[in-house]
Amino acid sequence: MGDLGGFADKAKDAAADNPEAVDKGADFANDKSGGQYEDQINQAKDSLNGDSQEN
């Protein structure tokens, strides 16, 4: 099995290089899921873009 930690690091690096793609991908996923998973998708998007907030 692959190294998931390494995969997450690569995803964050790619997101940092192209945040517009992350936003576009999140919008696409929200559209295709009919908004059913909007909170989870937006949480992942914010995490990748470095916009996460602690509650």
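The model is a predicted one, in which local features need pLDDT of at least 70 and side-chain atom pairs count only at pLDDT 80 or more, whereas totals for chains, interfaces and linings use all residues. Residues are numbered from 1 along each chain as its sequence is written, and side-chain values use heavy atoms, with hydrogens and water left out.

The protein chain contains 3 helices and 0 strands, where helices (H or I, at least four residues) and strands (E, at least two) are DSSP runs numbered from the N terminus. The order of the elements from the N terminus is α-α-α. Of the 55 residues in the protein chain, 13% count as buried.

Asn30 is located in helix H2, which covers residues 19–32. Its side chain forms a polar contact of 3.4 Å with the side chain of Asn42. A polar contact is a pair of N or O atoms within 3.5 Å; within protein, one must be able to donate a hydrogen and the other to accept it, and residues adjacent in sequence count only if both atoms are side-chain atoms. When neighbours within four places in sequence are set aside, Asn30 is in contact (heavy atoms within 4.5 Å) with Gly35, Tyr37, Glu38, Ile41 and Asn42. At 43% relative accessibility, Tyr37 counts as partly exposed. The side chains of Tyr37 and Gln36 are joined by a polar contact of 3.5 Å.

Helix H3 (residues 38–49) comprises 12 residues and reaches 16 Å from its first C-alpha to its last, close to the 16 Å expected at 1.5 Å a residue; the expected span is 1.5 Å times one less than the number of residues. Gly50 follows H3 and has a positive phi, near 75°.

The axes of H2 and H3 come within 10 Å and cross at roughly 175°. Such axes are lines fitted to C-alpha atoms, for helices over the stretch in contact, with angles running from 0 to 180 degrees between N-to-C directions. H2 and H3 are therefore roughly antiparallel to each other, given that angles under 35 degrees count as roughly parallel, over 145 as roughly antiparallel, 65 to 115 as roughly perpendicular and the rest as oblique. On the H2 side, Pro19, Val22, Asp23, Ala26, Ala29 and Asn30 meet Glu38, Ile41, Asn42, Lys45, Leu48 and Asn49 of H3. By class, this contact has 6 nonpolar, 3 polar and 3 charged residues. Ala, Val, Leu, Ile, Met, Phe, Trp, Tyr, Cys and Pro count as nonpolar, Asp, Glu, Lys and Arg as charged, and the others, Gly among them, as polar.

Lys45, placed in helix H3, is buried, with a relative accessible area of 19%. Apart from residues up to four places away in sequence, Lys45 touches Val22, Asp23 and Ala26. The C-alpha atoms of Lys45 and Gly25 are separated by 8.7 Å, although the two residues are 20 residues apart along the chain.

Asp17 lies in helix H1 (residues 4–17) and, at 69% relative accessibility, counts as exposed. Asp17 and Asn49 are 32 residues apart in sequence, with a C-alpha to C-alpha distance of 9.8 Å.

How values were computed: Buried < 20%, exposed > 50% of the residue type's maximum accessible area, 1.4 Å probe, protein only.
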